[in-house]
Amino acid sequence: MEKPKIPVDLILSKLAEDAEKAQVRAQKASDVLLQALDTEIATTPYDVVYEQDRIKLKHYRPITDIQYKHPLLVVYALINRETMLDLQPSRSVVQNFLEHGVDLYMIDWGYPSRKDRYLTIDDHVNVYMDDVVDFIREKHGVPKIHLMGICMGGTFSVIYSALHPEKIQTLVTTVTPTNFDTDQGLLHIWMKAVDADRMVDTFGNMPGDFLNFGFLVLNPARLMIDKYVGFIENMDNKQFVENFVRMEKWIFDSPDVPGETFRQFITDCYQKNLLIQSKMEVGGQRVDLKKITMPLLNFYGKYDHLVPPAACEHLTRQVGSADVEDICLETGHIGIYVSSKCQREFTPKIAQWMKTRDAIKRPAAKRRKAPQKAAAKRTRKKTVAS
Amino acid sequence: MGLVMANDQNIFSDPSNLLSAWMKTASDFWGETLKVWTGPAKDREDSPASDSQTKSRAQESLETVLKTWQTLSKVAHDPGTSEAFSNFSHTMPDILQKIIQASWQGLFHVQQQWLEKTGKIEQSTQAYSFENIDKNTFKIWTDIYENNFKQFLHIPQLGLTRFYQEKINQATDNYNQFQAAFGEFMYLFCLPMEKSFKVLQDEVAKMAEEGTLKEDYNTYYRLWIKILEGHYMNLFKSAEYVQAMGRTLDTLQEYLKVRDAIIQDWLKAMAMPTQTDLDDLYKEMHQLKKRIRKLEKKS
């Protein structure tokens, strides 16, 4: 007998089978959702060692002997919160650093209120970051520290390193936008059409929920539909539900962005692309990327839809350092920090890279007379980790 | 009785007579009423105060009104005026007809415009594509609003409350413009859904023809999500979407700005600090902190 073109019997039996499964799943899901769930985030113990206005400096309690001469300061973005680096013990960048003997500090930018609307990039970089760096240097009696920036925090770290190179031992940038003249990411396309002046004049600070909505509509099929279909399909799995809720807690915890900082970030970076051209001015000083002469490790995600590779990979070519390395991981914007696969590659690589540069002298800056020739001689590496 | 009836018939047959009769009756009535009201005042004529002083202001006003009525009544009896009234009663239906005709034509014209334009919208919707979306589709609604309604909100306001009324009108106008832009934005935002279902149906039909239909419906869901994601990516990169998004944001912000200005007026009236007052204070604080930091570094 010839096989029918539409396997009605198979489709119906599969439907019946799935209906039974769904019923069992719903019963189990009800048990899971009604029991006590462990959905706490950012549980690694730390002390707040410094406070200024709304910002706090977290110092994580070491769990092993410190293996580095210079402590590491992590600077997160102003959008969302630094708790993403410590979502759960088994997927925690913070835990991994502590296990490697890193003396770890992290800035908590807090929740900007209306009174913070006039804070500029200059205030964040030359006031808050600089005071924090000075505090750590003084506390540890070291002239320099390791600096790691994430996303917009990475952009701040690049600016800081260019303006205060004498205080930075090494610079690690992760999913950090520095070249904004690209059409690879939707944010880059949309931000060119946004009237930042009007937005800031209207809202004062940029509302976090407003920005979050903008991120959701970057991919509504996945972020507004498929994600929750996936949740329904796995509601009976306690571990899955706990991890899902942790992620939801983090993703919708969105502080507002100080108005003047937002204005400058959109106009100078997204619309004029001044940073990568070393033309951006912060606090009356030009941010000259050639002054970044410390070792630089630059991570980015191949499938990052917010900060695509084209926005990240130009940095290592523009800085003055001879010791630079790009690492492109096959993941997205958040996957670098939370995916189990990346956990095995990301933190160990940074820990190892910093260790080999922890006590050495800073590599000499390129000669200014023949920049093109010097650039060709640089030990620039590019790795694509799979 | 028969004479009265004849007189009455005569009165009703001629509108000018009717008017004169009505004015006479009114005049007589108010004259008698006034006499009753002013009576007590006349009784007090022996009082030392003059007549004008003893009359109340209300009585004076009534007397003036009555005199005017009496004058009008006399004039109405004048043959020339009666003729004019008589002519008016004949021409009135024509005038009314002209007024109604003009209003109806205006209304009909607007309705016709609406029908034509809504017809165009339907036409554009059927022939959509991301690459070639009819840019005028949603401008039509804006045009209707701007040509037929908006100007009423911009009639110059007068008097003491003119600034407040102007802000309320502006807020209404801005809100309408935001709604128009938001409608366009949502239309574009929903297009991929429509299109993805259509593509999915085509795919399923193709699979059915080839005999490759899958029994697991999850396969179709995955296929649909993939198609939908692809459509959204195409849409989001299109200039039309970026422009619609920009317009929505701009109009929303314009509306919020005026809305906040109205709220600030209320806060001022209640002697409460406004957002502008607080912002000024925050700005000053920020500048002072910067100056202190500079001074601290110098010392």
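Reader: What should I know before I start?

Author: The model is predicted, so to speak a computed picture: local features need pLDDT of at least 70, side-chain atom pairs count only at pLDDT 80 or more, and totals for chains, interfaces and linings use all residues. Residues are numbered from 1 along each chain as its sequence is written, while chains are lettered from A and ligands numbered from 1 in the order in which they are written.

Reader: What is the mean pLDDT of chain A?

Author: pLDDT is the predictor's confidence in each residue, from 0 to 100. For chain A the mean is 90, and 91% of its residues reach 70 or more. Residues 362–377 of chain A are another matter, as pLDDT stays under 50 there.

Reader: How do I read the angle at which α6(A) and α10(A) pack?

Author: Helices are DSSP runs (H or I, at least four residues), and strands are too (E, at least two), numbered from the N terminus. Axes are lines fitted to C-alpha atoms, for helices over the stretch in contact, and angles run from 0 to 180 degrees between N-to-C directions. Here α6(A), residues 196–203, and α10(A), residues 259–271, pack at about 170 degrees with axes 9 Å apart. That makes the pair roughly antiparallel (under 35 degrees is roughly parallel, over 145 roughly antiparallel, 65 to 115 roughly perpendicular, the rest oblique).

Reader: Which residues of α6(A) meet α10(A)?

Author: Two residues are in contact if their C-beta atoms, placed from the backbone, lie within 7 Å. From α6(A) come A:Ala196, A:Asp197, A:Val200 and A:Phe203, and their partners in α10(A) include A:Phe262 and A:Ile266.

Reader: Is A:Val175 buried or exposed?

Author: A residue is buried if 20 or more other C-beta atoms lie within 10 Å of its own, exposed if 12 or fewer, and partly exposed in between. A:Val175 has 30 of them within 10 Å, so it's buried. This residue sits in the loop between β8 (168–174) and α5 of chain A, and its phi is positive, near 35 degrees, though it isn't a glycine.

Reader: Where does A:Ala42 lie?

Author: A:Ala42 is in the loop between α1 (8–34) and β1 (46–52) of chain A. Its phi is positive, about 55 degrees, and A:Ala42 is buried, with 21 other C-beta atoms within 10 Å.
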